[in-house]
Amino acid sequence: MKKIALVTGGGSGIGQALAQRLAAEGHFVFLAGRNAQKLETTCALIGQAGGRAEALTADLADEASIRQLAAQIKARTPTLDVLVHSAGCFRMGTLESAHIADLDDLYQVNLRAPYLLTQLLYALLLKAAGQIVFINSTAILNPGANWGAYAATKAALRAMADSLRAEINPRGVRVLTVIPGRTDTPMQEQVHQLENRPYQADRLMRPDDVALMTMQALNLPPSAEVTEIVVRPAQKLS
Ligand SMILES: NC(=O)c1ccc[n+]([C@@H]2O[C@H](COP(=O)([O-])OP(=O)(O)OC[C@H]3O[C@@H](n4cnc5c(N)ncnc54)[C@H](OP(=O)(O)O)[C@@H]3O)[C@@H](O)[C@H]2O)c1
């Protein structure tokens with residue numbers, strides 16, 4: 001039977017790499033993000049490799065758009081085997097000076113969207129005895145100066161995932177938090193610019209490193225559950 005996955009943020013970075021890996025292992029992959037062109041590029045890469053995917057544009061900062069995305073998924077499939085929350089946004093600044101709207105943006109995309117989308121697709125995941133993946137960040141392990149708002153939303157995401165696991169695990173759905181360090185993606189380029197540091201991609205993980213590690217956990221037999229993965233560049237950047 002064909003397996004179905006939804007990857008938010010599937011147009012780039014870690015989400016794109018995971019979408020490619022899921023498709024390579026036989027999943028039909030729905031990709032969600034704001035930028036249709038990026039999503040279509042991922043679809044094309046998956047198609048060239050013999051897989052199947054469909055792009056669904058959605059702005060996860062917008063509740064109506066999240067509801068529309070969930071409705072589109074429900075119209076296409078009665079079950080969902082894998083839900084990957086990779087979409088995320090980054091803002092930087094000290095608590096003294098940051099604009100409060102930055103915290104609101106981070107909350108909408110990094111926490112509220114995964115919460116609501118999971119809620120809307122809950123029944124589909126139950127039917128498939130599916131798996132939910134939350135892409136978190138090592139920022140939660142040691143939040144440094146300027147990272148407070150971002151780290152706070154990701155720490156809340158981990159708490160939400162832990163609570164969800166306690167609720168849904170007895171019903172056969174596994175919940176995985178992936179905690180990557182610095183990875184060579186457009187978001188990390190933005191981080192480097194804001195930190196005013198030169199971008200050295202060879203010092204970073206590749207998105208596929210994170211995807212590969214995540215697939216190892218997803219592919220475990222149902223007798224076991226990986227709850228968290230921390231994966232960082234072999235030579236840690238400060
Ligand atoms: N790169 C790192 O070093 C690193 C480290 C730790 C954790 N992470 C986490 O990894 C996840 C993936 O990020 P990435 O590094 O792969 O960066 P990325 O390539 O920039 O991916 C972020 C994705 O989020 C999507 N997105 C952002 N805002 C959105 C919105 N309002 N609605 C829908 N989609 C939205 C973007 O798609 P559109 O532009 O098409 O909307 C984009 O595809 C994020 O949750 C990030 O916090 C990254």
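Which residues surround the ligand, and which are the closest?

## Ligand shell

In this predicted model, where local features need pLDDT of at least 70, side-chain atom pairs count only at pLDDT 80 or more, and totals for chains, interfaces and linings use all residues, 29 residues surround the ligand. The closest are Arg34, Tyr150, Thr183, Thr185 and Gln188; a residue is near a molecule if one of its heavy atoms lies within 4 Å of it. Residues are numbered from 1 along each chain as its sequence is written, and side-chain values use heavy atoms, with hydrogens and water left out.

The shell around the ligand has 11 nonpolar, 13 polar and 5 charged residues. Here Ala, Val, Leu, Ile, Met, Phe, Trp, Tyr, Cys and Pro count as nonpolar, Asp, Glu, Lys and Arg as charged, and the others, Gly among them, as polar. Helices α1 (13-24), α5 (148-168) and α6 (186-195) each supply at least two residues of this shell, and α6 gives the most, with 3 residues. Helices are DSSP runs (H or I, at least four residues), numbered from the N terminus.

## Contacts with ligand oxygen

Side-chain polar atoms of two residues lie by ligand oxygen atoms: Ser12 at 2.7 Å and Lys38 at 2.8 Å. From Thr183, a backbone N or O atom lies 2.7 Å from an oxygen atom of the ligand. The protein covers 94% of the 870 Å² of accessible area that the ligand has on its own (Shrake-Rupley method, 1.4 Å probe).

## Second largest pocket

The second largest pocket holds about 330 Å³ of space. Of its 22 lining residues, Lys3, Ala129, Gln131, Arg174 and Leu218 are the closest to its centre. By class, the lining has 10 nonpolar, 7 polar and 5 charged residues.

A pocket is an open set of points on a 1 Å grid over the protein atoms alone, where a 1.4 Å probe fits, with protein on both sides within 12 Å along at least five of seven lines; lining residues have an atom within 4 Å of a point. The volume is the space filled by probe spheres set on the points, which are joined across faces, edges and corners.

## Salt bridges

The whole structure has 12 salt bridges (a side-chain nitrogen of Lys or Arg within 4 Å of a carboxyl oxygen of Asp or Glu). One joins the side chains of Arg21 and Asp208, at 2.7 Å from N to O. Arg21 lies in helix α1 and Asp208 in helix α7 (residues 207-218), so the pair ties together parts that are 187 residues apart in sequence.

Methods: Polar contact = N/O pair within 3.5 Å; in protein donor to acceptor, adjacent residues only side chain to side chain.
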